[in-house]
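Dear colleague,

I am passing on the structure we discussed, with a summary of what was found in it. Please read the notes below alongside the sequence and coordinates.

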Amino acid sequence: MLRGLFFAVAFLGVQVALSQSKTLIAVKTQQAPVIDGKLEDTVWQRAAIASNFVQNYPSFGQSPSVPTEVRFLYDDNALYINAYLHDDPSLVRKQITARDGEQRQDVDYFSVAFDTYDDKQNGFLFLVTPANVQTDAKINAGTQLNYGYIGGDNGRSWDAVWQSSVEHMDGGWKVEMRIPYISLRFAKKDVQTWGIQFLRFTRRNNEASTWNPVNPAESGFINQFGKCQNLIDIKPPLRLSLSPYVTGGVRFYPEGSDISRDFLRNGGMDVKYGINESFTLDATLIPDFGQVISDNIINNLTPFEVRFTENRPFFTEGTELFNKAGLFYSRRIGAIPSNYYSVESLRNEYTIIENPSVTQLYNAIKLSGRTKNKLGVGVFNAVTAPMQATVRSKASGKDSTIETEPLTNYNLFVLDQALKGRSSITFTNTNVLRSGANRDANVTGLDYNYFTSNNKYQLKVSGRYSSIFGYTPYRGNINLVSDTVRRNGSLMVKPYNGFKSNLTFAKISGKMQFSMIAGLESNTYDPNDLGFLQNPNKISYYGTISYNQLTATDRFISYRYEAGVQYISIYKPAAYNQVEVFGKAFWLFKNFWDVNFSIGSQPFGQNDYFELRTPNRYLQRPAFHYLSFGGSSDSRKKLYIGGSFGYAHTEIENGDYFSINFNARHRFSNRFSLSIEVNNQDDQTQIGYAFQRELNGEPIIGYRRFLETQSILSGIYNFTSRLNLTLRARHYWNEVSYKDFFNVAQDGSHNKRNFITGQDENYNLFNLDGFLTWDFRLGSRLIFGYKNWLGNPYAVLTQQNYFGNLKNIFSGSHGNELTVKLIYFLDYNQLHKKR
């Protein structure tokens with residue numbers, strides 16, 4: 001009995017220890033240590049020490065297999081971190097990666113993170129690998145520590161200017177870091193308390209350990225930080241930096257049967273100015289966004305817009321506050337001019353002299369920060385130039401100009417008040433103003449996000465209201481009101497308003513979790529002038545329940561089971577849309593292989609109100625059922641593979657659907673790795689709009705075979721931690737073969753009609769992107785870029801297989817672009833000291 005009592009008391013003691021936050025008393029130094037990785041400066045002897053780390057993964061609560069000792073100092077200019085990572089030096093994984101690219105690579109790392117406002121919702125993370133490769137990120141309330149990696153809504157695109165140095169020795173490896181105050185934001189107080197966390201990851205056993213315990217069964221990462229107290233009288237210097245740039249290059253591109261040439265030259269500047277200790281103004285003047293990776297364009301047959309990833313640095317760095325409400329889709333700014341394709345359609349009657357495919361951005365600014373009362377404020381503004389096309393009449397030979405995009409001003413304003421714990425309330429407003437009698441738009445959103453004090457439950461309430469001013473060209477969109485008028489011979493939609501609301505209640509921590517979501521979007525809700533929404537006009541109910549084993553068992557490191565149901569109806573007209581039930585499972589084994597499985601069904605079919613592109617009309621889709629399974633191998637190995645197989649059956653003749661996805665990565669050395677990704681789907685009878693109408697305007701649908709394959713080959717060679725070469729080649733092929741054509745009755749049923757010839761498609765895309773990037777000094781970069789692309793996606797003659805298309809893409813005309821860009825970082829404080 002006494003033995004049982006002893007173990008019970010010991011277990012209780014461990015749980016109490018894990019639930020308490022650790023505290024570090026900061027020590028101020030008058031002499032800054034030298035950042036050389038040697039850790040021999042005597043000033044470190046006075047530093048605050050953090051040790052006794054606790055495993056987060058794979059065995060939460062246990063002691064790490066190797067000890068870590070961290071020292072922390074600060075002075076009037078910066079924070080200093082000294083970490084001794086004890087280990088067998090022959091076992092330390094040292095792969096050289098790209099900056100911010102350590103995840104899933106063969107590399108150990110050490111990181112420190114700060115919650116400078118101590119609000120448990122916003123922070124800064126700095127990470128160093130044994131090869132002295134840096135990662136920095138802005139983290140927030142949605143950030144999670146998953147399997148040793150920082151996941152969730154983390155802002156890895158944010159790049160700060162800071163120093164690090166690494167040294168390897170018999171007892172392990174050492175890290176020194178200097179993080180200047182110009183790279184942080186914090187309130188102005190005489191004595192400050194911050195949240196702080198130290199994290200170590202050893203790749204050979206995938207072990208993650210933290211100074212303050214981070215329980216994987218508890219939602220959130222920042223809310224599980226320790227405390228750093230006694231930061232006295234820290235005052236950031238003037239935060240003013242300039243990054244002037246120059247670019248040059250040449251572009252050759254096919255234009256009809258000719259090859260055109262453009263010389264590329266540009267120059268501009270990015271400016272960062274700290275208005276006070278908390279707020280920063282970012283501005284870009286005459287920006288150049290040419291050196292970004294090519295979009296994954298597809299042959300989109302759906303009625304919905306495709307969302308592309310933002311790759312332009314100005315719109316990815318420091319935008320987490322602007323993106324919090326989900327109303328900011330930055331690709332709207334500088335997009336393809338709205339009338340670009342209208343001009344292209346005139347080629348039978350006109351010769352296109354000039355038709356710019358990108359809207360020029362004049363300038364953009366971001367102002368963001370957080371007050372000492374934890375109020376976040378964000379202001380964004382961008383101005384794009386008016387764009388014009390020049391065309392020449394084939395009949396008269398006269399030139400004329402057509403406006404393809406008006407002068408446009410984009411505005412975004414955010415107020416985000418952090419409340420107790422992880423709770424917050426956020427107000428967001430977006431506004432788009434266009435010159436002349438063009439469409440203007442305004443969207444306002446309010447979000448209240450509440451977490452209980454024990455962080456087990458979440459309640460979220462949100463509302464949106466959109467207003468469209470001016471007359472909009474009617475394009476047969478079901479989401480727009482049908483109140484139209486004729487203006488200058490064109491069918492136009494009158495100004496309209498719309499709204500959206502959501503209610504979420506969820507259990508977010510513990511083994512048993514659930515979520516219940518109800519949403520309503522009116523048919524006239526339209527945030528797409530600066531936001532992104534594919535299909536409003538719906539009422540939806542969504543519920544899931546899951547069992548989550550997040551600590552190791554005898555057979556598994558973790559596993560998860562989930563079941564859910566979704567019901568959607570159309571808001572206007574009030575009508576049924578679809579019901580779906582599904583189940584999912586995931587297992588992570590002791591050897592770090594994983595397997596997942598899912599199954600689901602839409603047992604009653606679907607009334608699709610969007611596919612026909614016709615107001616108040618719907619298409620009946622038959623019931624379908626699906627299953628899929630997949631998994632991946634141990635990513636620590638040189639060869640890593642993963643993939644999935646999916647099957648679905650639609651209750652019609654030949655209604656089978658197959659999908660196969662495969663990816664592999666081989667690490668040839670600590671400098672060079674190569675990966676390939678292949679995605680294939682074969683929908684043997686896809687039902688969809690045939691892009692044809694009867695003489696009376698009735699839509700025509702087709703039964704077609706939809707075959708799509710995408711292959712991406714990418715590689716990176718790291719010469720040093722600051723010099724690398726990346727290559728990425730993508731080939732996309734889509735074959736569309738129509739079987740039959742149908743009219744659609746008022747009840748959504750299909751009535752066969754005569755066959756229409758010439759509707760089949762053979763669509764190919766090819767892109768090659770290569771970048772040699774050299775970070776030759778802190779904040780400064782030299783980039784050589786090369787791009788190649790297939791000029792016409794329909795240029796390849798019809799082939800019956802993927803490899804035939806791949807072979808023939810090189811016989812068509814291609815565009816080529818070669819550029820060089822120099823960015824030079826200038827810090828006012830360094831210039832002032834030198835002077």
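**Sheets**

Tyr350 stands opposite Ser393 in β22. This is a predicted model, and the pair belongs to the contact between β19 and strand β22 (residues 387–393), which are antiparallel and joined over 4 bridges. These strands are part of an open sheet of 3 strands, ordered β19-β22-β23, with antiparallel pairing. Its edges are formed by β19 (350–354) and β23 (399–405), each of which pairs on one side only. From one strand to the next, the twist averages 35 degrees.

An open sheet of 5 strands is also present, in the order β2-β4-β5-β12-β11 and again with antiparallel pairing. Here β2 (48–50) and β11 (163–169) are the edge strands; each has a single partner strand, so one side of each is left without a neighbour in the sheet. The twist in this sheet averages 15 degrees from one strand to the next. Within it, Ile49 lies opposite Arg71 in β4.

Strand β15 has partners of both senses. Strand β1 (residues 23–25) runs parallel to β15 and is joined to it by 3 bridges, with Ile25 opposite Gln229 in β15. By contrast, β13 and β15 pair in the antiparallel sense, over 5 bridges. Trp194 has Cys228 in β15 as its bridge partner.

In soluble globular proteins, nonpolar side chains tend to be buried together. In this model, the largest nonpolar core has 45 residues, of which Phe72, Phe114, Phe126, Met177 and Phe198 touch the most other members. The elements that contribute two or more residues to this core are β2, β4, β5 (78–86), β6 (109–115), β7 (122–128), β12 (172–180), β13 (191–202) and β15 (226–232). The greatest contribution is that of β5, with 6 residues. Apart from this core lies another, of 19 residues, among them Ala113, Leu127, Val214 and Phe221.

Which residues does Met177 contact, leaving aside its neighbours within four places in sequence? They are Ile35, Leu79, Tyr80, Ile81, Phe110, Val112, Phe126, Val128, Trp162, Gln163 and Ser164.

**Aromatic rings**

The count of aromatic pairs comes to 54. In one of these, the ring centres of Phe413 and Phe427 are 6.4 Å apart and the planes stand at 65 degrees; because the cut-off for this class is over 60 degrees, the pair is edge-to-face. The pair links distant parts of the chain, with Phe413 in strand β24 (residues 408–418) and Phe427 in strand β25 (residues 424–434), 14 residues apart. Phe413 is partly exposed at 33% relative accessibility, and Phe427 is partly exposed at 31%.

The rings of Tyr689 and Phe691 have centres 5.2 Å apart and planes at 55 degrees, so this pair is tilted. Tyr689 is buried, with 9% relative accessibility, whereas Phe691 is partly exposed, with 37%.

Ring pairs also join Phe72, Phe114, Phe124, Phe126, Trp158, Trp162, Tyr181, Phe186 and Trp194 into a cluster. Among these residues, Phe72, Phe114 and Phe126 were named above for touching the most other members of the largest core.

Two lysines are placed over aromatic rings. The charged end of Lys174 sits over the ring of Tyr84, 4.8 Å from its centre. The charged end of Lys366 sits over the ring of Phe314, at 4.3 Å from the ring centre.

**A buried glutamine**

Is Gln549 buried or exposed? With a relative accessible area of 6%, Gln549 falls under the 20% cut-off, so it counts as buried. Its place is in strand β33 (residues 538–549). Not counting residues up to four places away in sequence, Gln549 touches Lys511, Ile557, Ser558 and Tyr559. Gly510 is 39 residues from Gln549 in sequence, and the C-alpha to C-alpha separation of the two is 8.8 Å.

With kind regards

Methods. Residues are numbered from 1 along each chain as its sequence is written. This is a predicted model: local features need pLDDT of at least 70, side-chain atom pairs count only at pLDDT 80 or more; totals for chains, interfaces and linings use all residues. Side-chain values use heavy atoms; hydrogens and water are left out. Two strands pair if DSSP finds at least two bridges between them. Axes are lines fitted to C-alpha atoms, for helices over the stretch in contact, and angles run from 0 to 180 degrees between N-to-C directions. Rings of Phe, Tyr and Trp (its six-membered ring) pair if their centres lie within 6.5 Å; planes under 30 degrees apart count as stacked, over 60 as edge-to-face and the rest as tilted. Buried means under 20% relative accessible area, exposed over 50%, partly exposed in between (1.4 Å probe, protein chains only). A charge sits over a ring if NZ of Lys or CZ of Arg is within 6 Å of the ring centre and within 35 degrees of the ring normal. A nonpolar core is a set of buried Ala, Val, Leu, Ile, Met, Phe, Trp, Tyr and Cys residues joined through side-chain atoms within 4.5 Å. Contact means heavy atoms within 4.5 Å.
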